[in-house]
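Here is a friendly note to read alongside the model. Take the points one by one, and keep the 3D view open as you go.

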Amino acid sequence: MSEHDVVDQATFGAGCFWGAQASFNALPGVLDSRVGFARSSKGDSPLIEVVQVDFDAQVISFNQLVAHFWTLHDPTSVDRQGADIGVKYRSAVFFSTAQQAQLALVAKQKLDASGQLGKPVATVIVPLAEFQLADEAHQNYLEKHGGSCSI
């Protein structure tokens, strides 16, 4: 990373964090990522499996990351992705700035209005209040071990 990189961060819940991390890591402009658990208010909301992405905003925009996020999972599904069932698999965009909140909300509204999914988008767009890093065994899991993850 050079001093000219514009580093920003985005946090997404798209079901199994292993598959989401591998997919985001393959995008040009993604500099680093980590998997973990996030919630929108300390202690009051459930922890959700997430991938947190560091990206160079001069190469890839937050909007492009959100567009990719929609393709990774079924954003119309509530608390379930593939065989993974439970609130920790909720579809979520955790924002850290007002701009991210607005961009994610507009993207969700556009996707809903398009009707292409046939059902309403259930993705929650909430502030990132807490992030807990998953242990090292989960970081870049598919890269280390191969296989796939149904997200």
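1. Let us begin with one cysteine. Cysteine 16 counts as buried because its relative accessibility is 8%; buried means under 20% relative accessible area, exposed means over 50%, and partly exposed is in between (1.4 Å probe, protein chains only). Cysteine 16 sits in the loop between β1 and α1. Helices (H or I, at least four residues) and strands (E, at least two) are DSSP runs, numbered from the N terminus. UniProt, in an unreviewed entry, places the feature "active site" at Cys16; such positions are given in the numbering used here, feature names are shortened, and annotations may be inferred rather than shown by experiment.

2. A word on the ground rules. Residues are numbered from 1 along each chain as its sequence is written, and side-chain values use heavy atoms, with hydrogens and water left out. This is a predicted model, in which local features need pLDDT of at least 70 and side-chain atom pairs count only at pLDDT 80 or more, while totals for chains, interfaces and linings use all residues.

3. Next, look at glutamate 49, which lies in strand β3. Is glutamate 49 buried or exposed? Glutamate 49 is buried, with a relative accessible area of 7%. Not counting residues up to four places away in sequence, glutamate 49 touches Cys16 as well as others, including Phe12, Gly36, Lys88 and Tyr89; contact means heavy atoms within 4.5 Å. The C-alpha atoms of glutamate 49 and alanine 20 are separated by 10 Å, with the two residues 29 apart along the chain.

4. Leaving aside neighbours within four places in sequence, phenylalanine 24 is in contact with Leu65, His68, Phe69 and Leu72, among others.

5. Rings of Phe, Tyr and Trp (its six-membered ring) pair if their centres lie within 6.5 Å; planes under 30 degrees apart count as stacked, over 60 as edge-to-face and the rest as tilted. The whole structure holds five aromatic pairs. One of them joins phenylalanine 69 and tryptophan 70, and is tilted, at 5.2 Å centre to centre and 50 degrees between the planes. Ring pairs link Phe12, Phe24, Phe62, Phe69 and Trp70 into a cluster.

6. Finally, turn to α3. The buried residues of α3 are Gln100, Ala101, Ala104, Ala107, Lys108 and Leu111. Seen down the axis of α3, they fall within an arc of 135 degrees (taken from the directions from the helix axis to the C-beta atoms), so they line one face of the helix. On the other side of α3, Ala98, Gln99, Lys110 and Ala113 are exposed. After α3 comes glycine 115, whose phi is positive, near 70 degrees.
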